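Please open the model in a viewer and follow the selections below in order.

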Amino acid sequence: MKTTRDIHDLAGGLLMTAAGIFFALYGQRYTFGEAARMGPGYFPVVLGWTLAVLGLLVALPAWWRRGTGIAVQWNNLLWSIAALLAFAFALHPLGVVLAAFFAALLSLVPSAMALRTRLTVCAVVAVLTTLIFPIGLQMILPLWPWSS
């Protein structure tokens with residue numbers, strides 16, 4: 001089904017712009033500082049305005065481009081929400097590694113991937129989640145069920 005506008009990029013660009021403006025305006029509540037000595041508001045304000053401009057650069061050309069209609073993939077949405085909820089509820093009882101692995105496995109249920117590929121993706125997601133949050137950001141989270 002053809003529409004008169006590229007609705008995907010138009011909606012995505014406008015949402016990027018709205019999010020950028022929100023963060024830029026909200027970040028002004030904090031001390032801005034300067035580039036050599038940044039305050040807590042510097043990062044959200046600069047990144048917010050950058051995101052807003054990039055969103056406009058995506059949305060404006062989409063206004064004149066033809067595109068297809070939006071088809072919501074309800075099955076994928078359902079499994080993604082289930083994966084997020086499973087991760088949230090399993091994080092403290094199972095630890096980061098197993099909760100991330102299980103959540104990734106749930107999110108891949110509607111996928112047509114082979115089982116071996118799914119398990120590899122889940123292992124990579126679990127390793128990256130562990131490297132980023134408990135190790136890189138030093139968040140106090142149990143890695144395993146027995147390490148709480």
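Axes here are lines fitted to C-alpha atoms over the stretch in contact, with angles from 0 to 180 degrees between N-to-C directions; helices are DSSP runs (H or I, at least four residues), numbered from the N terminus. The crossing is right-handed, that is, the near helix is turned clockwise from the far one by less than a right angle.

The model is predicted: local features need pLDDT of at least 70, side-chain atom pairs count only at pLDDT 80 or more, and totals for chains, interfaces and linings use all residues. Residues are numbered from 1 along each chain as its sequence is written, and side-chain values use heavy atoms, without hydrogens and water.

On helix 3, select Trp79, Ala82, Ala83, Ala86, Phe87, Ala90, Leu91 and Leu94; facing them on helix 4 are Val96, Leu98, Ala99, Ala100, Phe102, Ala103, Leu106 and Ser107.

Now select residues 76-109, one of the spans that an unreviewed UniProt entry annotates as "transmembrane region". The end C-alpha atoms of residues 76-109 lie 8 Å apart, and the span is 91% helix. Then select residues 42-64, also annotated in that entry: here the end C-alpha atoms lie 35 Å apart, and the span is 100% helix.

Methods
Helix = DSSP H or I, 4+ residues; strand = E, 2+ residues; numbered from the N terminus. Contact = heavy atoms within 4.5 Å. UniProt positions renumbered as here; feature names shortened; annotations may be inferred.
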